Amino acid sequence: MTIDRAVLMFAGVMVLISLALGIYYSPYWFLLTAFAGLNMMQASVTGFCPAAMVFKKLGCKPGLAFK
């Protein structure tokens, strides 16, 4: 799995988890969804993504967006 795909998978899982927690426990969990969205937006502009750095250290292969 490349870093790009790992980052997308991680973001998708975070969004789905926060939506479920927001529906069943507290609406404050929707802030995690907002954070994930804002992080994806800033990563697309700046190229800086903390999750990509973690996945790189875990040994994922470089992709096109994150090397």
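1. Burial. In this predicted model, buried residues account for 22% of the 67 residues in the protein. The accessible surface comes to about 5000 Å². Carbon and sulfur atoms own 76% of that surface.

2. Overall layout. The secondary structure is 3 helices and 0 strands. From the N terminus on, the order is α-α-α. The C-alpha trace spans about 35 × 25 × 15 Å along its principal axes. Take the contacts between residues at least 6 apart in sequence: 57% of them join residues at least 24 apart.

3. Helix α3 and its buried side. Helix α3 covers residues 50-57. Its buried residues are A51, A52 and F55. Why do they lie on the same side of α3? They cover an arc of only 100° around the axis, and that puts them on the same side of the helix. What do these buried residues pack against? Their partner is α1. After α3 comes G59, with a positive phi near 100°.

4. D4, a buried charge. D4 sits in helix α1, which runs over residues 3-24. D4 is buried, yet has no salt bridge. The nearest side chain of opposite charge is that of R5, 7.6 Å away. A salt bridge would need a side-chain nitrogen of Lys or Arg within 4 Å of a carboxyl oxygen. What does the D4 side chain reach instead? The backbone nitrogen of L64, at 2.6 Å. Beyond residues up to four places away in sequence, D4 touches G63, L64, A65 and F66. S18, a buried serine. S18 lies in helix α1. Is S18 buried or exposed? At 0% relative accessibility, S18 counts as buried. The S18 side chain makes a polar contact with the side chain of T33, at 2.3 Å. Setting aside residues up to four places away in sequence, S18 touches W29, F30, L32 and T33.

5. L19, next along the chain. L19 also has its place in helix α1. With a relative accessible area of 34%, L19 is partly exposed. L19 touches F30 and T33, not counting residues up to four places away in sequence. L19 and L31 are 12 residues apart along the chain, and their C-alpha atoms are separated by 9.6 Å.

6. G47, in a loop. Where is G47? G47 is in the loop between α2 (30-46) and α3. G47 counts as partly exposed, at 47% relative accessibility. Leaving aside neighbours within four places in sequence, G47 is in contact with Q42 and F66. G47 and A20 are 27 residues apart in sequence. In space they are 29 Å apart, C-alpha to C-alpha.

Technical notes. Residues numbered from 1 in each chain as written. Predicted model: local features only at pLDDT ≥ 70, side-chain atom pairs only at ≥ 80, totals over all residues. Heavy atoms only, no water. Helix = DSSP H or I, 4+ residues; strand = E, 2+ residues; numbered from the N terminus. Buried < 20%, exposed > 50% of the residue type's maximum accessible area, 1.4 Å probe, protein only. Lys, Arg positive; Asp, Glu negative; His and termini not counted. Polar contact = N/O pair within 3.5 Å; in protein donor to acceptor, adjacent residues only side chain to side chain. Contact = heavy atoms within 4.5 Å. Arc of directions from axis to C-beta. Areas by Shrake-Rupley, 256 points an atom, 1.4 Å probe, with all protein chains shown as cover.
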